[in-house]
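Colleague: I'm new to this model and would rather get to know one part well than skim everything. Please pick a stretch, take it slowly, and tell me what lies around it.

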Amino acid sequence: MSASIEFNQLHKRYGAHPVLRDFDLKVQAGETVTLIGPSGSGKSTVLRILMTLEPFQEGCLTLDGISYHQPHGKPPFFASDVHLHKVRAKVGMVFQSFNLFPHMTVLRNLVEAPTAVLGLSRDEAEGRAVELLHMVGLSDKAKAYPGQLSGGQQQRVAIARALAMRPQVLLFDEPTSALDPELVGEVLSVIRSLAHEHDLTMLMVTHEMRFAREISDRVCFFEGGRIVEQGKPDQIFNAPEQERTKRFLSSVLNG
Amino acid sequence: MILGHELVMSSSAAFAWSILPILLIGLRTTLLAMFAGFVIAVVVGMVFALMRRSQWKIVTWPVGFVVEFLRNTPLLMQLFFLYFVLPEFGVTLPAFWTGTTVLGLQYAAYMSEVYRAGLDALPKGQWEAATALNLSKTRTYRTVVLPQMIPRVLPALGNYLISMMKDTPVLSTITVVEMLNLANRIGDRTFEYLVPLSLVGAIFFVLTCVCSALLRGLERFVPQKGIALR
């Protein structure tokens, strides 16, 4: 099952510095949306707000119709812990730096949250973990520690770990930016299979333009805390309408 | 006779041999104070460190004040305060427990800073991953944060254990009968201070060496897998 997302006139500031301004974005259930744009344009912030890692000050954000802010919620998150817990249950995130728990084996990384949060039994959780590891092609690494894996393998474990929580929305924050070039492919192929085979809403921030073009239903070009242009990948990459989009694409595609 | 043991003054060696059992009685008190104090310090220090991270100022400020007070006032003053002043308010504790508590609390304040550094050293991504996996605060601390922090702070805690052991003679000032107190008493009785004090020094030296060795063993025993990485 996947979920829809709606940002409505959202404002996000760090102190006095605005990061997102009058931000609007609608994502349909099951859609794969890629966010591209120069660094500091607010792409990652969109994901971090969705994951409740960052609060926002004004406007409205809903996930499957459920608002992040509660009517009488107190800052910074304007919602109770219980409410945030409920919202987060639908969302998973894959980080640029993997953020696996280094003191746990790969298997325990995948079992920890499902047993603690979803209340699965140990056997059940391990069974699912083994399936997920098989899916990301790391069946033989269950007993290894993250430090013994390559970056690409760690990121695939991180994807499996996020999936173990059965999210409806999966967020990818530059999932291949910390990887050596030769390891990028293995991670992208896992993400590709997710986009095709799983019923997930996916939001991805990436600098892999070719990949964005290949898997996205829609591409959003960010600049200065706003979406400057969005559309089908072919339209954005072949025939961008905005001057700024053209400039950005020509610099990343030819540079 | 001190504590039922005859003092033999025929030679230095015989004298040393005859007072050793007396000092060992004091050693028991020293060890007990050290271990009880250390348990207090380790546990209360952790409580201090966690409370100082609370999101409520009503918790962080008083705890911050207590920690700074404990860290920035002399041990001896705290000791006298609790031993002599509290009874005036009707609170009377046995000297040993007064001393051990003061020792434990002062080191708890030091250790809370070690814990704080250990908690701060954990990469932010670990907290974020725990949030993204929807782990509760308690669960995050128990299974993600503390298992990574404790091996990192162990050497520093060990140093404080040894430092604390060397502070236990302070308890003799409030009549706790530990090693130094007994050595002094023997000296007062015999006018022979060199041997008892040297013996106390030697016993402390052996004790520190043993503790250091044990700690090094413990550091090796505690799982380090992956923790040194990134």
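Modeller: Chain B has eight helices and zero strands (DSSP runs, H or I of at least four residues for helices and E of at least two for strands, numbered from the N terminus). Read from the N terminus on, its elements go α-α-α-α-α-α-α-α. This is a predicted model, with local features needing pLDDT of at least 70, side-chain atom pairs pLDDT 80 or more, and totals for chains, interfaces and linings using all residues. Residues count from 1 along each chain as written, chains are lettered from A and ligands numbered from 1 in written order, and side-chain values use heavy atoms without hydrogens or water.

The C-alpha trace of chain B spans about 75 × 45 × 25 Å along its principal axes. Of its 230 residues, 46% are buried (under 20% relative accessible area; exposed is over 50%, partly exposed in between, 1.4 Å probe, protein chains only). Take the contacts in chain B between residues at least 6 apart in sequence: 75% of them join residues at least 24 apart (contact means heavy atoms within 4.5 Å). An unreviewed UniProt entry annotates residues 27-216 of chain B as "domain: ABC transmembrane type-1", and such annotations may be inferred rather than shown by experiment. Over that stretch, chain B is 82% helix and 0% strand, and the end C-alpha atoms sit 23 Å apart.

Now for the part I'd look at closely: helix H9 of chain A, residues 243-254. H9(A) has twelve residues and reaches 16 Å from first C-alpha to last, close to the expected 16 Å (1.5 Å times one less than the number of residues). Which residues of H9(A) are buried? They are Thr245(A), Phe248(A) and Leu249(A). Looking down the axis of H9(A), these buried residues fall within an arc of 95°, so they line one face of the helix.

What do the buried residues of H9(A) pack against? Their partners in chain A are strands E3 (32-36), E9 (218-223) and E10 (226-231), along with helices H7 (209-215) and H8 (233-238). Turn to the other side of H9(A) and you find Glu243(A), Arg247(A) and Asn254(A), which are exposed.

Elsewhere in chain A, an open sheet of four strands runs in the order E2-E1-E4-E5, with antiparallel pairing.

How values were computed. Arc of directions from axis to C-beta. Pairing = 2+ DSSP bridges.
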